[in-house]
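Here is a short note for a colleague who has not looked at this entry before. Please read the points with the structure open.

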Amino acid sequence: MKTRRPIVAGNWKMNKTLAEAGELLEGLVPELKDVDSVGIIVCTPYTNLAVAKEKLAGTNIKVGAQNLHWEKSGAFTGEVSADMLKDFCEYVIIGHSERRAMFGETDETVNKKVFASLEVGLMPIVCVGETLEENEAGQTAEVVGRMVREGLKGLDQEKAARVVVAYEPVWAIGTGKTATPEQANDVHKNVIRPILREMFGEAVGDGMRILYGGSVKPGNAKELFGMSDIDGGLIGGASLKVADFVGIVEGAF
Ligand code: PEP
């Protein structure tokens, strides 16, 4: 019996106009309104945060963003700070593999963003995961371990307790290839969890949620989320359709 309350977070990525976002949110609210055993989050593009805040006010679905800048304000064209985000949402995805691969994010920038978010009360969902090449070279534990240690470096226990980690093997994201429940749980249980316990103590390390992400679907969610150290999921493509996202949330019951 797991004591950690599971979380299912949708990552909309760069999808949904304002009208489309409104429609998706209106579809989710009635379908999910009776769920209280799972924390539900939708992480929208910046342009949809206001409509998400409005349509999800008073519901059991929380709002998240997909990125932030670590500085408070200033000459950073195109960027958004933690202070600006906190008017709209409670969570923020940090270090998604797409941002690491395409937008130059590093363990160091991830760490700065984690601190910036926690400082204003935003809860970070910190993504870690190895590429196919690294996986095949047997480097999963080394790469994922480094990302966890460097990304969460310097946090005290109080801050760490508010962090959610998402293990997302890059080879499983948007590819239709899902890690097997055993494969994913092995990384959660034998790589990430021991590092969290070592860094933040047993109680805090055991209490932190570790989500799995990578081609989660209604058909495989239950089996994945049933594993001992998989505390829910970060969902990309399937979070864009009401029925699929609802089916995945139901997999976390
Ligand atoms: C993601 O974007 O975080 C993700 C896991 O994507 P998908 O579910 O589409 O593989």
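In which helix is the place of Leu18? The points below start there; the model is a predicted one.

1. Leu18. This residue sits in helix H1, which covers residues 18-32. Thr47 is 29 residues away from Leu18 in sequence, and the C-alpha atoms of the two are 7.3 Å apart in space.

2. Glu105. Is Glu105 buried or exposed? With a relative accessible area of 8%, Glu105 is buried, because buried means under 20%. Glu105 belongs to the loop between H4 and helix H5 (107-119). The side chain of Glu105 makes a polar contact of 2.9 Å with the side chain of Arg99.

3. The largest pocket. The volume of the largest pocket is about 410 Å³. Its lining consists of 14 residues, and those closest to the centre are Lys13, Met14, Gln66, Arg99 and Phe103. Which helix gives the largest share of this lining? Helix H4 (residues 97-102) does, with three residues. By class, the lining of the largest pocket holds six nonpolar, five polar and three charged residues.

4. The shell around the ligand. How many residues surround the ligand? There are 14, and the closest are Lys13, Glu168, Gly174, Ser215 and Gly236. The shell around the ligand divides into eight polar, four nonpolar and two charged residues.

5. Backbone atoms at the ligand. Which residue has a backbone N or O atom 2.7 Å from an oxygen atom of the ligand? Gly174 has one at that distance. For Ser215, a polar backbone atom is 2.7 Å from a ligand oxygen atom. For Gly237, a polar backbone atom lies 2.8 Å from an oxygen atom of the ligand. On its own the ligand has 290 Å² of accessible area, and the protein covers 95% of that.

6. Points to check on the display. For the ligand, look at the backbone of Gly174, Ser215 and Gly237. For the loop between H4 and helix H5, look at Glu105 and its side-chain contact with Arg99.

How values were computed
Residues numbered from 1 in each chain as written. Predicted model: local features only at pLDDT ≥ 70, side-chain atom pairs only at ≥ 80, totals over all residues. Heavy atoms only, no water. 1 Å grid on protein atoms, 1.4 Å probe; cavity = no way out; pocket = protein on both sides within 12 Å on 5 of 7 lines; lining within 4 Å. Points joined across faces, edges and corners; volume = space filled by probe spheres on them. Helix = DSSP H or I, 4+ residues; strand = E, 2+ residues; numbered from the N terminus. Nonpolar A, V, L, I, M, F, W, Y, C, P; charged D, E, K, R; others polar. Near = heavy atom within 4 Å. Polar contact = N/O pair within 3.5 Å; in protein donor to acceptor, adjacent residues only side chain to side chain. Areas by Shrake-Rupley, 256 points an atom, 1.4 Å probe, with all protein chains shown as cover. Buried < 20%, exposed > 50% of the residue type's maximum accessible area, 1.4 Å probe, protein only.
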